[in-house]
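Hello,

Here is the structure I promised to pass on. Please look it over, then read the notes below.

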Amino acid sequence: MLVTMAAAYGDFKHILITGASSGIGKAMAASYAAPGVTLSLSGRDSARLAAVAQACRERGASVDAASLDVTDRTAMAAWIDQRDQATALDLVIANAGVSAGLGESAVTTRRIFSTNLDGVLNTVLPALDAFRRRRRGHIALISSLASFRGMNSAPAYCGSKAAIRVWGEGLRGALAPENIGVTVVCPGFVVSRITDANTFPMPYLMSAEQSADIIQRGIAANRGRVAFPW
């Protein structure tokens, strides 16, 4: 089953990516942009998102860019349904995420869980409805190596990413009989707006472009987990 799914779903024609205005999301959009590919991109910063969309169009892709907050459940469901109605989705990458750097307050803790956990649910669940009807599709959840250990400097970030990872691992087995693939991505430190704000050492810091290449190859192979730099 896994070999068949990998062969069938390595070539995606309509890809939806959240948090596409910077970091891994921006690099993933560029890595998939090509003639014959449709990209549906969302992000909160409309100016940065527009620049990413234009760069992807210059690579030959057809692009729809929507300035959305993934915590808005109703808006996300409406946008995902509209994009799937326009052209059937093949791959959904739930990438949008935030951190608070060193130290998390009550306010930032709620914001982190709202974006990193609820935002993923608001992205994946509407797409799953469409994938289940067609009995095909692939979901990628961007978790983190931080999901394996609760760090005292970022308990909310680690906790939110752990929830995503474990949910995705379970979801992969649950959806396999329906011919739907799930890949959980656990990056280490990647150059992004999040790491730009960090003032502590970040071992093995990797470019977003190199990370996107690793992720893209892992998704194409229908791997259950893609973790790096190791």
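**What I found**

Buried residues make up 49% of the 230 residues in the protein chain. Buried means under 20% relative accessible area, exposed means over 50%, and partly exposed lies in between (1.4 Å probe, protein chains only). This is a predicted model: local features need pLDDT of at least 70, side-chain atom pairs count only at pLDDT 80 or more, and totals for chains, interfaces and linings use all residues. Residues are numbered from 1 along each chain as its sequence is written, and side-chain values use heavy atoms, with hydrogens and water left out.

The protein chain has 8 helices and 7 strands. These are DSSP runs numbered from the N terminus (helices: H or I, at least four residues; strands: E, at least two). Take the contacts in the chain with a separation of 6 or more: residues 24 or more positions apart account for 70% of them. Contact means heavy atoms within 4.5 Å.

**The cores**

The largest nonpolar core has 32 residues. Such a core is a set of buried Ala, Val, Leu, Ile, Met, Phe, Trp, Tyr and Cys residues joined through side-chain atoms within 4.5 Å. Ile15, Met28, Tyr32, Leu39, Leu41, Ile93 and Ile219 touch the most other members. Elements that each supply at least two residues include strand E1 (14-17), helix H2 (23-32), strand E2 (38-43), helix H3 (46-58) and helix H8 (208-220). Apart from this core lies another, of 23 residues, among them Val120, Val124, Ala127 and Ile180.

Leu41 is worth a look. Beyond four places in sequence, its contacts include Ile17, Ala29, Val52, Val63 and Trp79.

**Helix H2**

H2 is largely enclosed by the rest of the structure, because 7 of its 10 residues are buried. Those are Gly23, Ile24, Gly25, Ala27, Met28, Ala29 and Tyr32. Their cover includes E1, E2, H3, E4, strand E6 (180-187) and H8.

H2 and H8 pack at about 60°, with axes 8 Å apart. Axes are lines fitted to C-alpha atoms, for helices over the stretch in contact, and angles run from 0 to 180 degrees between N-to-C directions. The two helices are therefore oblique to each other. Angles under 35 degrees count as roughly parallel, over 145 as roughly antiparallel, 65 to 115 as roughly perpendicular and the rest as oblique. Residues of H2 at this meeting include Ile24, Met28 and Tyr32, while those of H8 include Ala212, Ile215 and Ile219.

**Helices H5 and H6**

The axes of helix H5 (residues 106-134) and helix H6 come within 8 Å and cross at roughly 15°. That makes H5 roughly parallel to H6. Among the H5 residues that meet H6 are Phe113, Val120 and Leu128. On the H6 side, Tyr157, Ile164 and Trp167 are included.

**Two loop residues**

Ser144 is found in the loop between E5 and helix H6 (155-175). Ser144 is buried, with a relative accessible area of 7%. A polar atom of its side chain lies 2.9 Å from the backbone nitrogen of Ala146. Further along the sequence, beyond four places, Ser144 touches Tyr157, Lys161, Val185, Cys186 and Pro187.

Arg59 sits in the loop between H3 and strand E3 (62-67). At 47% relative accessibility, Arg59 counts as partly exposed. Leaving aside neighbours within four places, Arg59 is in contact with Ala30, Ala33, Ala34 and Pro35. The C-alpha atoms of Arg59 and Ser31 are separated by 9.7 Å, and the two residues are 28 apart along the chain.

Best wishes

Notes. Polar contact = N/O pair within 3.5 Å; in protein donor to acceptor, adjacent residues only side chain to side chain.
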